[in-house]
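Let's take a friendly walk through this structure, one region at a time. Keep the sequence and the 3D view open as you read.

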Amino acid sequence: MAEVKQGIGEGGKTLKQMLEETARITEETGCYGGIIELKSKEGDPIKYELLHSRILSALIAGRETTRMIAASPIVREVQELCISLYTPEGHCVATSTGIQVHIVPMGEVIKWMIRNDYEEDPGIHEGDLFCCNDNTIAGMHPADVYDITPIFYEDELVGWVATVIMEMDIGSVSCGPMPSTCNVERFTDGFFACAEKTGANDMLRRDFLIRAERTLRYPAMFLLDRKGALAANIKVREEVKRLIDEFGLDYYKRATGELIEDSRRTQLHRMRQRTVPGRLRNPQYLEIYLKNMPVPAYARKDAIRLIPVDIEIKPSGEIAIDFEGAGDWGWHSLNTTPTGMYGGLSITLAMTIAYDGKANYGTLMPCEIKCPYDSIVNPSTMYLPTANLWAPVLTFGANFLDSLSRAYYARGFREEILLGVNQVSTVLNGLRRRGDPRIHAMGEFTPGGDPRQIGGIGSGARGIADGIDLTMFNPETDSGNMEVFELGLSALFVGGRVMPDSGGFGKYRGGFNLCSTQIIYGVEWAIAETMATHSVNRILQNRGIFGGYPGNVFYAYVVRNANTKELIEQRLPLPKVEGDPRNPDIKRLVNDDITLVKLWWCSDEILEDYDIIQNCMHSNNGGFGDPIDRDTSLIQSDLDLGFTTLEACRNIYCAEATYDERKEEWTIDEQKTKELRGMRRKERLERGVPFKKWWQETREKIMKKEMDPLLLEMYHSSMDKGPRFGQEFREFWSLPQDFTFGGE
Amino acid sequence: MAQYSKEEIRDLIDGKLPWQSARAIISGPKDDDRFDKYLEILQDRVPWKERILLPLAEHLYIVEKEKERITKCDCGYEFGDYRENWKLKALIYVRDTEEKLDEVFFGPRKPDPKFCDVREFYCPGCGAQLEVETLPVGYPAVFDFLPDIDAFYRKWLGRPLETEKEFKDLTYELTRKWGEESQSK
C-alpha cells in the first residue's frame, strides 16, 4: 500500500486541500470559512481586539524594520512598501499601512504556489523565502517585488507573511520602476522572479544574489530591499509564534478567520449604511502613442482603448464591477489583469470606506469584478509587458471614487466624497558621469519627476471642501529629501511651485498641482520620456462632478542645448516655475530648443548637462459643483495666496475682485459678483442647445463615421466585446442593429 | 451610534462646520439617522412641495409627484422620469474648439477637441451648470447614477414606498423615439 504523505497544513492536510475546502465551505455558507457566528469576537471582544492590535503592530513594526535596513529612498522615505499576514490558504488577515494595493495580489501568489504543488516541489519549510514579481502570476508591476515567508508552528503551516517593496529599477529595457514607452513585450520587462524559492534557513541564496547583481542597474538597492523584507518577515513570523504561544493555536486560527469574516460583514454594513443601491457609470480611456517611438515595428502604432465601467451597488450591499466593452489588448505596457483591478479596488476601499485598519481579504469578498477575456483588462496572452498594468488600474480607482461619491451624496454623507485623479510624470534614463558607471540616472524618482516624492499632485475636490493641495498617493508617505535623491540621480532640483488654477474649477475646486523644474547634471548622456501611466493626453478622463470641471492635461517642457550655464554664471533668473501657461517663463528666460511634451514622448536626441525638464504635473483633479456657486471667501483666499488668477476669478467663478496694494489683499465685490453670476446663467440659457438637437446632429456624424480614425478604431474594438456595450451604443444613437465602426 | 444635530449636519453639508468638527465626523462612526435629517434640511430649502425621495446631485432631486417619480431642479424645472437620463432633457453646450476650451483650460492645459468633447449640461429653467462631461467624441451621454430607490427604501431603510417602480433604464426608449422621428422626416 502506497504511503500517504502528510500535508503541512492543519491536521496533516495539504495546503491545496485546505484551499479547496475553505472555498467550498465559503461558497456553501456565504461566510468566510463557514464562520457563521463570530464567537471569538462576541465571547471576549477585548481579547479579540488585542489579537488584532498585536498583529497590526507587528506588521507596522516589520515595515519600519525594512525601512531601517533598506538604502533605497523609495523605501526609506517614500515608504513604498507594505507587509501583510495571510492564512495558510493565502487569504489576507491584516495589512500594514503603505501600498495596500497588494492585499489581493500577494495572496494570489501564495494561492498560485499552492495550486502548483510547491508543497511537493520545491517544498515549503520553516525558514524558506519565496520571491515573486511576475505579474502574470499576480502583481501590479514588475518593480513591486514580493518576498513571502511561511509561518510554521510545531510543524504545521499556520500562515504566511509577505512584504512588497517597490524597486528603483527592475532591469527593464527602459530604466526606472515604471518604464514607459519601450516596454512592448514581456521580455522587455527585465528581472523576473516567478514565485522562486530565493532563500532557506532565513538566508538569501547566493546564486539569487549573483543573478540580481548581474541583471539590475541598482543591485545594491535591490539586495538591501530583499534583506529588509526578510528581516521584516522574520520579525512578524516570530511575533505570530509568540501570539500563538500566548493565545493558543486554536484561538489564533479561529480568530484570524473571524477577522476576515468580520471585515466582510463590515464592508456590507458600511455600504448599506453610507450609500444608495443602484447603477453607477463612468467610462475610462487609455491612449497609447507608439507610432513614433523607438520600438519594434509590430508595436509601432497609436491606439485609444475604451474601458466602460459599470458599477452596481446591489441591495445586499455587494459591489459588482463590470468592464464589458473594454477594447483589445495590444503590444504596449498598458494592458492590465483582473488581479490588478482587484488590487486597485483593495487600495481604494482600504483608504476610504474600510479605513479602520482592518481591511483584509474579507473587505474584498463582497466585491466582484468582471474583466472580459481577450481584452485590455484581461489579455489572452502572457507575453505582454506588465510594466504599467497600473495605468488602467489607477484610472479605474479614480473612476470608482467618483462614482462612489455620487452614492455618498445621495445618502447625505457628503464628507466622504473625494474625487479621483490621474498619475502623471516624466522619466529620465541615462548614464551617469560620476560614480559607478553601471548606474543610470532615473528621473521618475528624481525630485519632481514623480508626483509622490514631493506631493506633486492635488487631489480631486471633496464634498465639503476643496481638494487637498499637493497631496500624495499614500497618505503616510514622506516626500523624502531632495538632497538624498540628488546624491543618486543625475538631475538637480531648481524650483517648484503650486500652479495657480491647476485644480478643476468648481464650487469646491480640485487640489493644486506642482510645477517642478530640474536641470540635468552629471550625465554622460540622458534620455527623457513620459511615464506611460499618465493617462491624460488628448482626452481628459471624466473627473468633474455635479457641474465642476475636470482638471487639466499633463505636459512638460524639455529644453535641449539650454543656456542654463550662462544664466547661472551671469546670475540671471532661471525658469523655476511655469508662470503664465500662455506665456511660460521657460520660453522667456531660456534660449534654444524647447519642446512642449503632451502626448507620449521620448527624446530623439540625447540630453546633456544643463538641459532642463519642467514638469507641469496636472493630474486632472476634478471640481465639485457649479463654479458660480463657489463661496466668495474661498475665491478671495485663493487670490490672496496667489493660487487663482483674476482671469479665473472673473471668467470662471464670475466674481469681481479688486486688489488693495496697501493692505496687500483682495476684496470681492459681492453685489457685482451677484450680477455677474446672474448674467452667466442667462448666457448659458442662450448658448445651450436642447440636447435633442445636439443628439440629432451628432448622430448624423456618427452615421457618417465623421471622427478621427483612432476613435473609429477605438469604438470598433469595443463594440464586439460582449453584447451590452455595442447594443447600448446603437440604442443610444438609434443606429441600425448591424451598425459597426469597421472598415467594411 | 453617533448622532449629530440637524444644525451640525446642515453646516457640514454646506462646508461651514469648523474643520476640526468635520474631521471628527469623517473619522468617527457614522450616524444612522443621517439620511432623514439630510432630507429634512434639503426639503426645507426647496421652493416646491413635492416630497424629495433622493438627492441626486447639486441642484437635482428625485421627487415624488403624484404617482410618478421625476428628476427636478431646485428651481422647479422638471426633467421627467428619474429612470431616464436627465441630461437628455437639459441644455447642452460643447466646448469643441480650441477657443472655447481656452476659456476654461488655459494654454497647453486643454484636451484635444478633435478627440475630446467637453460637454456642459445646463438646467433649462435656471441656467445652473449641472454636470460637465469629458468624453471621447461620439460617446453617449453618461447616465451617471440610476438609483434603485425601491430596494433602498424597502431593504435598507425598512419603509417601502407606496408605489414601486421597475428598476430599469428608460433612456433608450426616448432615443428610440427620437430615431423614429428622424427617419420619418
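How many bridges join strand S8 (residues 278-281) of chain A to strand S11 (residues 310-313) of chain A? There are 4 bridges, and the two strands run antiparallel.

## Before you go further

This is a predicted model, in which local features need pLDDT of at least 70 and side-chain atom pairs count only at pLDDT 80 or more, while totals for chains, interfaces and linings use all residues. Residues are numbered from 1 along each chain as its sequence is written, and chains are lettered from A and ligands numbered from 1 in the order in which they are written.

## A sheet across two chains

Helices (H or I, at least four residues) and strands (E, at least two) are DSSP runs, numbered from the N terminus. Two strands pair if DSSP finds at least two bridges between them. S8(A) and S11(A) belong to an open sheet of 5 strands, ordered S13(A)-S12(A)-S11(A)-S8(A)-S8(B), with mixed pairing. At its edges lie strand S13 (367-370) of chain A and strand S8 (145-147) of chain B, each pairing on one side only.

## Where the chains meet

Contact here is defined by C-beta atoms, placed from the backbone, that lie within 7 Å. By that rule, 73 residues of chain A are in contact with 70 residues of chain B. Among the elements of chain A that each supply at least two residues to this side are helix H9 (249-274), helix H12 (390-411) and helix H18 (670-687). The most comes from H19(A), with 6 residues.

Strand pairing also turns up between the chains: S25(A) and strand S5 (residues 91-95) of chain B pair in the antiparallel sense over 2 bridges. There, Pro690(A) has Leu91(B) as its bridge partner.

## The end of chain A

Now look at H21(A), where Phe725(A), Gly726(A), Phe729(A), Arg730(A) and Phe732(A) are buried (20 or more other C-beta atoms lie within 10 Å of a residue's own, with C-beta atoms placed from the backbone). Because they cover an arc of only 165° around the axis, they sit on the same side of H21(A); the arc is that of the directions from the helix axis to the C-beta atoms.

What do these buried residues of H21(A) pack against? Their partners are H20 of chain A together with helix H6 (171-184) of chain B. Just after H21(A), Ser734(A) takes a positive phi of about 50°.

Terms used:
Contact = placed C-beta atoms within 7 Å. Buried ≥ 20, exposed ≤ 12 C-beta atoms within 10 Å, placed from the backbone.
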